[in-house]
Amino acid sequence: DQQVKQNSPSLSVQEGRISILNCDYTNSMFDYFLWYKKYPAEGPTFLISISSIKDKNEDGRFTVFLNKSAKHLSLHIVPSQPGDSAVYFCAASGSNDYKLSFGAGTTVTVRA
Amino acid sequence: EAQVTQNPRYLITVTGKKLTVTCSQNMNHEYMSWYRQDPGLGLRQIYYSMNVEVTDKGDVPEGYKVSRKEKRNFPLILESPSPNQTSLYFCASGTSHYNEQFFGPGTRLTVL
């Protein structure tokens, strides 16, 4: 049973507009959350993270929001660029558990 | 160059023929882990290691073995591969399970 869920398999957005990717989790012991980006034929690469003591973390065009009460986080990409077309994975872990759980991924396509 | 390497990158084998996929990192990371990526399921953790000689099961450990005799190496062993182990495998390393993970390029395994 997956503890991290990305319910939107795909997202199409126009270049320059905002991309919003969503992620839900079920394990209330998770306190670290990360987003990874993956291009075809490559390994995932780290994008941005947030710990449960914060509700927002920003890095350039990327912002992650965490809503602990709803067990929900989102990744905002503004503005979206063609190079952002990739698969995005949400991941979560707990400080008392050495496992790392990933979601199924969301494929983002940025249209020119 | 800081990197995680995996070998082989592609492997086609037959049911029951033991195989090993090697993983090596040059960043002196303590945490290493193996994942498999399957359509619709995202990345699922197979095994992880917190340090030398310390390993534990992830979410899908059945049919796999690992060892961590040296800090830099974390091989994945399939003693008797079966067709349901046909997948894309990634090795990753990081300073801890809740920090950024660096992924290898992946190993595409087909078991006939």
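Predicted model: local features only at pLDDT ≥ 70, side-chain atom pairs only at ≥ 80, totals over all residues.
Local features need pLDDT of at least 70 and side-chain atom pairs count only at pLDDT 80 or more, while totals for chains, interfaces and linings use all residues. Residues are numbered from 1 along each chain as its sequence is written, chains are lettered from A in the order in which they are written, and side-chain values use heavy atoms, with hydrogens and water left out.

The contact (heavy atoms within 4.5 Å) takes 22 residues from chain A and 23 residues from chain B. Together the two chains bury about 1,900 Å², buried area being the accessible area (1.4 Å probe) that two parts lose on being put together, summed over both. Of this area, 61% is on carbon and sulfur atoms. Leu43(B), His97(B) and Tyr98(B) supply 32% of what chain B buries against chain A, more than any other three residues.

One salt bridge (a side-chain nitrogen of Lys or Arg within 4 Å of a carboxyl oxygen of Asp or Glu) crosses the interface. Asp59(B) pairs there with Lys99(A), the closest N and O atoms being 3.5 Å apart.

Two disulfides (cysteine sulfur atoms within 2.5 Å) are found over all chains. In chain A, Cys23(A) and Cys90(A) are joined with their sulfur atoms 2.0 Å apart, and the link is left-handed, at -75° about the S-S bond. Both cysteines are buried (under 20% relative accessible area, 1.4 Å probe, protein chains only). In chain B, Cys23(B) is joined to Cys91(B), S to S 1.8 Å; this link is left-handed too, at -70°. Cys23(B) is buried at 2% relative accessible area, and Cys91(B) at 0%.

Methods:
Buried < 20%, exposed > 50% of the residue type's maximum accessible area, 1.4 Å probe, protein only.
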